[in-house]
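Trainee: I would like to go through some of the labels used for a structure. Please set each value against its definition.

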Amino acid sequence: MAEWEAGTSSRRGSTSRGAEEDDDDTVYVAVGKDFEENKLNLVWAIENFPGKRLCILHVHQPAKMIHLVGGKFPASRLGQHELREFQELERNIMLKILDDYVLFCGQLDVHADKVSIEMDDIGKGIIELVYHYHIKKLVMGAAANKHYSEEMMDLKSKKAKYVQLRVPRSCQIWYICNGYLICEGDSTCSTTNGYRDSASFMQQKTDGSGLELELHEVSLSEENSYNLDQLEESSIDQLYCQLECAMLEAEKFKKQACEESLRRGEAEKTAIKAVRRATALESLYAKELRCRKEIEGALAREKEHHQRTKNQRDEERVISMDQKLLQHIQVSKFDEKLKEMNDERLSAVEQCKEYKSERDKLQVEHDNVLKLAKELEEELSRKQEEEASCSQMHPFLSDFSLVEIHEETFNFDPLLRIGEGGYGSTYRANLCHTPVAIKVLNPETTQGRLEFQHEVEILGKLRHPNLAILIGACSEACALVYEYLPNGSLEDRLNCKDNTAPLPWQARIRIATELCSVLMFLHSSKPHGTVHGGVKPGNILLDANLGCKLSGFGIYRALSLSENSRTTILPHVTDSMFTFPYLDPHFLETRELSPSSDTYSFGIILLQLLTGKSGFRIITEIIDEINETNLSSFLDPLAGDWPFVQASQLAQLALRCCARNRSGRPDLASDVWRVLEPMRTFCSEPVQFGSEESEQPPSYFFCPIMQEVMQDPHVAADGFTYEAEALTGWLQSGHNTSPMTNLVLGHLNLVPNRSLRSAIQDWRQQHPNAIF
């Protein structure tokens with residue numbers, strides 16, 4: 001069933017009144033879906049029928065196969081609703097194509113209508129439109145443009161051949177290919193009866209010869225054959241003879257007509273070739289003419305550029321001459337000044353000779369004084385080096401003797417060694433019935449002695465819940481005595497050393513929060529802020545409740561920031577291959593150490609806590625690939641089910657901290673802490689490893705100031721819980737900052753933490769034998 005549509009004149013269905021009124025003045029142009037393929041046919045019709053009405057004719061052929069991602073899909077397999085939607089989409093695309101044709105005609109100042117029909121066969125659709133609109137003039141394609149050649153004289157399109165055989169006589173067709181006329185002519189088959197009788201065919205081919213009347217009589221006699229019985233036998237013979245002669249004559253005329261038609265066809269082909277050659281020559285001539293104009297224009301521009309260059313060169317020559325004249329004048333002035341200076345030099349030489357004799361005398365005296373000063377300085381430096389460790393030791397630190405260190409370590413028994421670093425080894429021991437870790441540095445090297453001094457200076461003066469507690473030192477053995485932390489370092493726990501259980505995500509968030517807190521404390525400590533410079537998992541120790549303890553203040557890490565500068569320049573870096581991934585790239589290039597260097601190291605460790613990967617893999621593989629869309633594939637599955645919102649926030653924060661440009665890194669106090677502080681609620685429950693922790697109180701039971709289990713816990717404005725007595729003393733001493741972050745408190749009000757107080761009391765009842 002065909003569907004009709006006519007555009008511009010609001011015709012729809014079978015209405016054709018407008019076409020019947022001016023059939024002779026309307027030229028119909030059959031077009032397809034490909035605008036570029038059919039545009040030349042439309043241009044040919046506009047150029048060859050000026051002043052005629054133009055109507056775009058199109059047959060819409062519904063698609064039987066639907067193109068999908070996996071291939072072609074039969075339209076018949078769609079549901080009725082989906083099929084109707086797809087067909088409606090096809091019709092809208094067809095109407096858009098017809099509008100493009102009409103718009104193209106409008107650009108050429110030609111008004112065009114449009115008619116269309118929907119049929120499965122395009123040839124049948126064109127015949128249907130010809131009969132429906134009584135089309136007299138039709139322009140259509142003879143073949144695809146790619147099949148065109150100058151020798152092409154016949155139709156190659158099956159649709160064109162179908163239309164040629166079935167179009168009515170009244171319709172004249174022009175067959176076009178690639179914008180050239182291939183052939184034209186009327187219909188060669190009848191549309192009223194569907195066949196042609198032999199008499200009328202012979203009558204058409206004889207074309208007005210003397211036999212027309214006789215053939216007509218024969219036709220009449222054949223149609224009225226029932227009267228032959230009444231004719232005489234002689235008349236019948238005569239008629240047969242005349243008929244035979246007429247047939248021979250008609251055959252002769254037919255051959256002549258065929259020969260004439262062939263000659264005419266050859267002549268038309270020759271004429272078409274000549275026209276095409278003329279058109280090609282005209283196009284070539286126009287092209288050559290354009291090239292000539294372009295060359296002349298380029299030559300004129302080149303002449304103008306040459307003239308400008310010449311004028312510019314003349315101006316530069318004049319300027320150069322002026323400069324040379326000015327230089328000659330200046331040279332003459334310089335010569336005069338040179339003479340004056342030469343006279344002055346001669347007088348100065350004489351004075352120098354006098355001064356030289358005096359200088360030689362003073363030099364001898366100066367050398368004697370320097371030699372004496374050097375001897376005194378060497379002696380003073382030796383005394384200072386011997387007394388440096390003892391003089392810098394904090395009064396609250398215990399001073400252990402070399403004998404005690406040897407006894408407790410069994411003369412540094414390798415079986416007691418629990419760690420080994422760049423400047424020495426660490427041993428587990430018991431001093432005063434307390435488990436401790438003794439770090440023995442190499443006193444023969446400058447690095448070992450300086451690290452000993454820095455550790456004593458920093459850890460002996462600064463106190464923070466997340467700083468490793470330095471119990472004492474032995475200057476003779478260059479040894480440092482720390483509290484023993486049973487869970488080792490964060491690096492050991494991330495690698496599950498000795499088959500230890502992996503860290504859950506709650507513990508990892510707590511570690512990140514505590515690490516941020518202690519770095520904020522160091523950067524804002526008074527009177528001068530301190531940059532750690534060597535933050536890495538190996539320097540982050542974990543207590544029995546997986547609390548974070550920062551250590552490892554070495555020679556290139558413990559640096560004081562001056563009040564006027566936030567950076568410090570180091571002459572060299574003595575890091576190991578395990579420290580390199582955590583070092584600030586800007587620091588490696590410029591040797592400038594600043595708080596943002598610790599921020600970069602914090603970002604790498606935060607990514608390690610999220611992914612469980614090593615520092616090298618993070619800086620070489622992960623840091624440039626991880627984003628919010630693929631974050632789940634990078635999260636460490638050993639940490640449990642990460643809450644995606646918090647994990648995404650931590651990943652974005654870590655990437656900002658790891659920015660190569662220092663200005664793009666966030667501030668720990670104002671930016672990082674604002675994100676991490678709310679997350680502390682997710683890790684409020686303590687995480688226990690092993691059986692020893694069952695008798696140890698959780699870390700959040702301890703007051704950050706007194707480091708003792710709290711009796712009356714209160715919450716301050718910074719969100720941390722303190723012993724009421726200790727925090728009151730802190731505020732009454734004149735402080736208005738947080739003991740944990742060194743940031744100014746928003747207010748000085750204290751709120752009782754009754755839930756924590758109840759938890760502490762319950763724990764005390766359940767563990768009456770616990771040692772606090």
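Trainee: What makes Ile 122, Gly 123, Lys 124, Ile 126, Ile 127 and Tyr 131 in H4 meet Lys 159, Tyr 162, Val 163 and Arg 166 in H5?

Mentor: Contact means heavy atoms within 4.5 Å, and these residues of H4 and H5 meet in that sense. They divide into six nonpolar, one polar and three charged. Ala, Val, Leu, Ile, Met, Phe, Trp, Tyr, Cys and Pro count as nonpolar, Asp, Glu, Lys and Arg as charged, and the others, Gly among them, as polar. This is a predicted model, where local features need pLDDT of at least 70, side-chain atom pairs count only at pLDDT 80 or more, and totals for chains, interfaces and linings use all residues. Residues are numbered from 1 along each chain, and side-chain values use heavy atoms, with hydrogens and water left out.

Trainee: Why is Ser 648 called buried?

Mentor: Buried means under 20% relative accessible area, exposed over 50%, partly exposed in between (1.4 Å probe, protein chains only). Ser 648 has 7%, so Ser 648 is buried. Ser 648 touches Glu 628 and Leu 631, not counting residues up to four places away in sequence.

Trainee: Why does Cys 245 count as exposed?

Mentor: Its relative accessibility is 53%, therefore Cys 245 counts as exposed. Cys 55, at 2%, is buried.

Note on methods. Helix = DSSP H or I, 4+ residues; strand = E, 2+ residues; numbered from the N terminus.
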